[in-house]
Number of protein chains: 2
Amino acid sequence: MVTIKDIAKLANVSHTTVSRALNNSPLIKGPTKKKILEIASQLNYSPNYNAKSLVMQKSHTIGLFLTSISNGTSASFLADTIKGVNAAISQEYNLFIRGIDDYEDYSSINPQRFDGIIVMSQSIQDHSFIYHVLQKKIPIIVLNREIEEDYIMNILSDDKEGSRQAVQYLIDCGHKDIGIIEGTPSFKSAQMRKEGYLTALIDNHFPIQQEYSVNGNYDMESGYKGMEKLLLLGKPPTAVFCSNDDMAIGAMNAVYAHGLSVPDDISIVGFDDSGFAQYTTPGLTTVKRPVEQISYLGAKNILSLVTGKEVTLEKVYVNTELIIRKSVKSIEKRC
Amino acid sequence: MVTIKDIAKLANVSHTTVSRALNNSPLIKGPTKKKILEIASQLNYSPNYNAKSLVMQKSHTIGLFLTSISNGTSASFLADTIKGVNAAISQEYNLFIRGIDDYEDYSSINPQRFDGIIVMSQSIQDHSFIYHVLQKKIPIIVLNREIEEDYIMNILSDDKEGSRQAVQYLIDCGHKDIGIIEGTPSFKSAQMRKEGYLTALIDNHFPIQQEYSVNGNYDMESGYKGMEKLLLLGKPPTAVFCSNDDMAIGAMNAVYAHGLSVPDDISIVGFDDSGFAQYTTPGLTTVKRPVEQISYLGAKNILSLVTGKEVTLEKVYVNTELIIRKSVKSIEKRC
DNA sequence: TGATAAAATGTTAACGTTAACAAAAAATGA
DNA sequence: TCATTTTTTGTTAACGTTAACATTTTATCA
């Protein structure tokens, strides 16, 4: 491999001068710089980032950590996250992706290895990880899940408001008996969406019926089972808010399996607007959550943090959007 | 940060001895080693991989490159790939993920930065990248797409055989007019699946009708449009083989939009068995492609290659599996 | 023109680790 | 017991880069 010393020899300068030219330092003469750059490109020089990192005490690596890669994270969520981050991270940074649950201890998470860390957090259990990162003084940004600490940058969608809007929409459509299939209990998002659901009911002075809330864990099967439970009720709800699209699809299938129809017998709304929501039959009305945008913003911001640019924002809520398709029946004309 | 020299001082030995203890070299006395290890863990020592990499000329990084992260790669494919690789890569390696199309030039892809590279290849255009890696003498393994060079390790699913089986199944069900919606033309997988389709027809001495082949690019919308084109034909096919599940879902929706039914009017099979294939209505009959398994195998093998273990295999075909659900109607009783 | 300031380049050390070689300590054997 | 071998430890250099400081060259101005 060609090093700056090789270039130095050919250019008849010291290796420091080469270093300066390559990093376009201001204290170098134009012609010298030009000559060095030319030789470098001729030799196809590429810097050794290990050496650079060693001396500069920087890793040139951004870590993207998800709660889990393999458990409970939907494909579209993972893909959107990576797409968003990938688009924002410039080529001179390594992008390192792992699940927090891949680690038994966090000893290898330190400033030497990571210039900055993005946590796409889906569970309150991530807290010990976040705390560790904080303690090691690695710049961090937490996405997707609200955290109390106001000195940590935090970007998330307003899930509570999003689900409130969705349930309000059901109410506007004339529904009075509205069920919910909840997400993985330990995930903050599941709690927020439940709160939005409750808020809408309370706002409209609707009674809260315990048996209309059933558990789920964000996967399709739990949606199927949740809906079955609701259908077996003496008086099933006429509309069900599912805490994500995957469960909504499972729920739709449960409805069909019971010989009923969506939306004629049961109306359904989902949450996420994952890629296939528009291709279900009928098209799924859902709350669009801007995962990719959140990830993109997060990556941009961690880069600013890492490069020492002043970043002011501390908590950013990205708006959700209600996407109306065909899975909700209008009982009254209002919606 | 604590270094081996700090440990050395406390243990009253030289830093080399510490290095040896930490890397459990055989030429160190038991008690000495034990003492050093104790101090190290007490101080919460964690090695500086930049220094290590610099002196050992190793990067401790495995690169996972996909044809593209943002264009034409489905969410489930991306997610499965990452899951498989992530599960196999041990904690002491960095996992670096990027799209080949994120690079304008490959100068930063060199042995200093990558101990080994996994290419999850979806397009023949990846060849220049593969060639570059080869030229730099970085251990490489190519997944998912067949390559001619027999000295490159290559793991892939037998798409041609998989699609042949799928189409044969349609034929067994009594279908005679069978259409295909093709995948992105430049992707080898699209070609192989087309070949499987043709092989099945030829095996059964069916005529090949040009107008039954329509283009697509693996996304849902192209599946929708492709099906529309087929439906507008004077005599539409009774069954359509879609080159992936996403397009199959688009196609199903096109059928519904025309007031027809799946599978009563048109039978559909997909390819991939992506997560939601079982939750479409009706459930999608499809060819299961073991993306996660391929990725896992690939990662295991690149690790063996990198650590110098002898690896014999050169080309591995992983079997696909026909998953029969409800999207195909049996015209005859044979299936 | 020559002293002085400014700009450009060079020298040397440092980052934290491993490796080659050197030295010391321990074990062996006559 | 002491020479010899073997085992264990230490010393020094190296990896490729940047940074602090030193030196040389160039520009400025009286």
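Trainee: Where in chain A is the place of Pro282(A)?

Mentor: Please keep in mind throughout that this is a predicted model. Pro282(A) sits in the loop of chain A that runs between strand 9 (267-272) and strand 10 (285-288). As background, most peptide bonds are trans, and most residues other than glycine have a negative phi. Tyr218(B) belongs to the loop between strand 7 (213-214) and helix 9 (220-231) of chain B.

Helix 1 (residues 4-11) of chain B packs against helix 2 (residues 15-22) of chain B at an angle of about 105 degrees, the axes being 8 Å apart. Since angles of 65 to 115 degrees count as roughly perpendicular, helix 1 of chain B is roughly perpendicular to helix 2 of chain B. Helix 1 of chain B brings Ile4(B), Lys5(B), Ile7(B) and Ala8(B) to this contact, while helix 2 of chain B brings His15(B), Val18(B), Ser19(B) and Leu22(B). By class, the contact of helix 1 of chain B with helix 2 of chain B has 5 nonpolar, 2 polar and 1 charged residues.

Helix 2 of chain B also meets helix 3 (residues 30-43) of chain B, where the axes come within 9 Å and cross at roughly 90 degrees. That angle makes helix 2 of chain B roughly perpendicular to helix 3 of chain B. Here Thr17(B), Val18(B), Ala21(B) and Leu22(B) of helix 2 of chain B face Thr32(B), Lys33(B), Ile36(B), Leu37(B) and Ala40(B) of helix 3 of chain B across the contact. The residues of this contact between helix 2 and helix 3 of chain B divide into 6 nonpolar, 2 polar and 1 charged.

Back in chain A, helix 7 (residues 159-172) and helix 8 (residues 188-203) have axes that come within 7 Å and cross at roughly 40 degrees. Helix 7 and helix 8 of chain A are therefore oblique to each other, and their crossing is right-handed. Among the residues that make the contact are Ser163(A), Val167(A) and Ile171(A) of helix 7 of chain A, together with Met192(A), Gly196(A) and Ala200(A) of helix 8 of chain A. By class, the contact of helix 7 with helix 8 of chain A has 6 nonpolar, 5 polar and 6 charged residues.

It remains to consider the empty space. Rolling a probe the size of a water molecule over the atoms shows where such space is left. The count comes to 6 cavities of 30 Å³ or more, and the largest cavity has a volume of about 270 Å³. This largest cavity is lined by 20 residues, of which Asn50(A), Thr61(A), Asn94(A), Asn50(B) and Asn94(B) are the closest to its centre. Helix 4 (49-56) of chain A and helix 4 (49-56) of chain B are the elements that give two or more residues to the lining of the largest cavity. That lining has 3 nonpolar, 15 polar and 2 charged residues.

The second largest pocket has a volume of about 960 Å³. Its lining consists of 31 residues, with Tyr45(A), Ser46(A), Pro47(A), Asn48(A) and Lys52(A) nearest the centre of the pocket. Helix 4 of chain A supplies the largest share of the lining of the second largest pocket, 5 residues. By class, the lining of this pocket has 13 nonpolar, 12 polar and 6 charged residues.

How values were computed: Residues numbered from 1 in each chain as written. Chains lettered and ligands numbered in written order. Predicted model: local features only at pLDDT ≥ 70, side-chain atom pairs only at ≥ 80, totals over all residues. Heavy atoms only, no water. Axes fitted to C-alpha atoms, helices over the stretch in contact; angles between N-to-C directions. Helix = DSSP H or I, 4+ residues; strand = E, 2+ residues; numbered from the N terminus. Parallel < 35°, antiparallel > 145°, perpendicular 65-115°, else oblique. Left-handed = near helix turned anticlockwise from the far one by under 90°. Contact = heavy atoms within 4.5 Å. Nonpolar A, V, L, I, M, F, W, Y, C, P; charged D, E, K, R; others polar. 1 Å grid on protein atoms, 1.4 Å probe; cavity = no way out; pocket = protein on both sides within 12 Å on 5 of 7 lines; lining within 4 Å. Points joined across faces, edges and corners; volume = space filled by probe spheres on them.
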